[in-house]
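Read each answer against the coordinates.

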Amino acid sequence: MEGTAQTDQFIASGLAALGIEADEVDLAVIGAVHQLLWPAVVELLALDTAAVEPEPCPDLSKAPR
Amino acid sequence: MSGDPLDLGLRAQAAALAAGEVDPGELLDAALARIEQRNPALNAVVETFPERSREMLAAAPSGPLHGVPLVIKDEWPLPWRAQRFGAAELTVPTAPEESGPYRALRDAGATIVGVGNMHELGAGSTGATSFYGPAHNPWDPERCPGGSSSGPAASVAGGLVTGAVGADGLGSVRFPAAYCGLTGLKPTFGRAAMEGHHMAPTTSLIVSGPLCADAADCRLLGSVLCGEKLPAGDAAGLRIGVVRDAVSEDVTPDVREACEQAIEALRGETSGEVREIELPDLEPAAVAAILIINSESMGGTTPQQLNELHPELSPVARGTLKYRMLLPAAATVQATRVRTMMRRRLAALFEGVDVIAWPTVPAPAPPLEAPVVALPSGPTVADQANVRGGALANMTGIPAISVPVGLSGGLPVALQLQGAWGADALLLDAAEALERANGRRWVDARPPLAQVAPTEA
């Protein structure tokens with residue numbers, strides 16, 4: 001339940017801070033999308049990429065330089 | 001010639017037109033009649049414009065697609081119609097104009113006969129949601145046709161046209177190709193016409209791509225979209241990389257078996273070899289691609305716009321658009337680092353293999369009513385499952401192709417091949433080799449709806 005409370009707070013405060021209005025249906029959808037995506041976002045953020053040398057202005061049509 | 005010209009493949013239809021065996025005006029009328037007859041069951045085509053099509057045909061230059069009726073996804077503007085992106089409203093302005101794919105088709109002599117349905121805002125792999133109502137899978141109208149290029153795929157699989165132009169930002173050509181039993185090419189980033197797409201100036205993922213019955217047809221239409229010939233080769237000695245990890249193995253048994261058989265058949269046909277390779281972090285890479293396309297698509301969107309969304313935008317689209325504003329910038333920055341990491345890993349892998357093969361989608365088309373697939377890991381939302389295997393090509397820029405390799409419960413199963421940057425033609429070569437290996441069994445398979453007696457045409 002704590003996770004749910006934190007999620008509700010994250011969504012509600014985030015939307016309020018940006019001035020985005022959301023009705024009950026919006027909130028239900030946002031909650032469902034958050035539940036699907038957020039764990040993966042957290043996993044992404046936890047990935048150690050410190051050794052990845054940036055590729056400035058990558059040309060996606062070609063192999064990396 | 002014998003048989004209905006509408007039931008020929010793309011290149012056969014083009015050849016029959018070029019040889020004068022088929023009258024282009026009659027073919028256009030027949031295609032419009034076919035759409036009128038079959039489309040109510042498919043909802044693949046959301047708009048036709050017979051007079052515009054006839055004008056296009058009247059002015060058509062001689063070209064590789066002279067007189068061939070085609071469908072284009074509701075993602076590009078036409079001179080007489082702005083794209084709607086499968087939605088009641090876009091948060092960016094659009095207007096009728098000559099888009100790149102339109103020009104490419106026009107200059108090749110093709111006739112655009114209709115606009116193809118698509119998943120609302122391009123934001124889904126199933127096609128289950130659209131402003132126009134969902135398109136239906138010709139193999140089973142209760143099933144998803146795949147997305148976001150749902151209408152183009154259903155149009156071709158349903159025999160309305162022989163080829164269609166889709167767009168692929170996270171797999172949106174390959175997923176519907178897989179669900180509908182077609183061949184779909186996602187070209188190398190930047191290679192195919194994209195002008196006029198509302199995200200063309202900002203996207204680093206989306207490309208236009210062909211959906212056709214087989215690889216040779218995709219080569220023809222893909223060459224037109226790329227503005228250059230994708231030459232045919234033989235894929236001899238093909239080195240096929242396969243990944244065996246939790247993500248690539250989390251597929252239904254039927255999909256696994258069909259793809260394993262296809263890989264072995266491809267190896268045999270090309271006298272090639274199969275090499276097991278390691279490509280970790282596919283799941284974070286998929287999320288990274290979602291974050292990148294999110295940041296590219298939401299640029300310029302204001303909270304006020306989100307407070308004034310069109311009332312007919314679906315609840316899912318409304319909520320998702322608002323949620324996207326909450327995603328942290330740090331995650332998007334991390335996503336670009338993961339992109340670099342995956343690009344370097346792929347560059348190293350392509351030193352040792354020519355293609356990387358895995359199932360295009362982990363399960364056949366789910367029901368439109370509930371787009372969830374049953375995987376070994378448990379029930380999974382189809383979008384979440386599909387993006388794992390589709391997004392890598394977009395986030396790194398490499399080309400990829402989906403090829404039908406079987407049926408499971410009467411629904412198509414597909415193998416995806418991914419190649420190095422610029423290896424689009426090699427992927428087509430490999431797909432053709434696979435067709436040869438299985439006697440064209442799967443590319444020539446037609447859904448019941450497209451096998452209706454000729455009295456209808």
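The questions below treat a sheet in one chain, then the contact between two chains.

Q: In what order do the eleven strands of the open sheet in chain B run?
A: This is a predicted model. The sheet is open and its pairing is mixed. Neighbouring strands are turned by 35° against each other on average, direction ignored. The order is E1-E3-E2-E4-E6-E5-E12-E13-E9-E7-E8.

Q: Which are the edge strands of this sheet in chain B?
A: An edge strand here pairs on one side only.

Q: In which sense do E7(B) and E8(B) pair, parallel or antiparallel?
A: Strands of a sheet pair through backbone hydrogen bonds, in either sense. E7(B) and E8(B) are joined over five bridges. Within this pair, B:Gly241 stands opposite B:Arg275 in E8(B). The sense is parallel.

Q: Which residue is the bridge partner of B:Ile240 in E9(B)?
A: Strand E7 (residues 239-243) of chain B pairs with strand E9 (residues 355-359) of chain B in the parallel sense, over three bridges. B:Gly241 stands opposite B:Ile356 in E9(B). For B:Ile240, the bridge partner is B:Val355.

Q: At about what angle does helix H9 of chain B run to E12(B)?
A: Helix H9 covers residues 253-269 of chain B. It lies across E7, E8, E9, E12 and E13 of chain B. Its angle to E12(B) is about 120°.

Q: Which helix gives the most to the side of chain B that touches chain A?
A: In total, 39 residues of chain B are in contact with 31 residues of chain A. Helices H10, H11, H12 and H13 of chain B each supply at least two residues of that side. By class, the side has 21 nonpolar, ten polar and eight charged residues. The top contributor, with eleven residues, is H13(B).

Q: How is H2(A) oriented to H10(B), roughly parallel or roughly perpendicular?
A: Two packed helices are described by the angle and the distance between their axes. The axes of H2(A) and H10(B) come within 9 Å and cross at roughly 110°. Therefore H2(A) is, to H10(B), roughly perpendicular.

Q: How many nonpolar residues are in the contact of H2(A) with H10(B)?
A: From H2(A) come A:Ala40, A:Val41, A:Glu43 and A:Leu44. They meet B:Glu283, B:Pro284, B:Val287 and B:Ala288 in H10(B). Two residues of this contact are charged and no residue is polar, so the nonpolar count is six.

Methods. Residues are numbered from 1 along each chain as its sequence is written. Chains are lettered from A and ligands numbered from 1 in the order in which they are written. This is a predicted model: local features need pLDDT of at least 70, side-chain atom pairs count only at pLDDT 80 or more; totals for chains, interfaces and linings use all residues. Two strands pair if DSSP finds at least two bridges between them. Helices (H or I, at least four residues) and strands (E, at least two) are DSSP runs, numbered from the N terminus. Axes are lines fitted to C-alpha atoms, for helices over the stretch in contact, and angles run from 0 to 180 degrees between N-to-C directions. Two residues are in contact if their C-beta atoms, placed from the backbone, lie within 7 Å. Angles under 35 degrees count as roughly parallel, over 145 as roughly antiparallel, 65 to 115 as roughly perpendicular and the rest as oblique.
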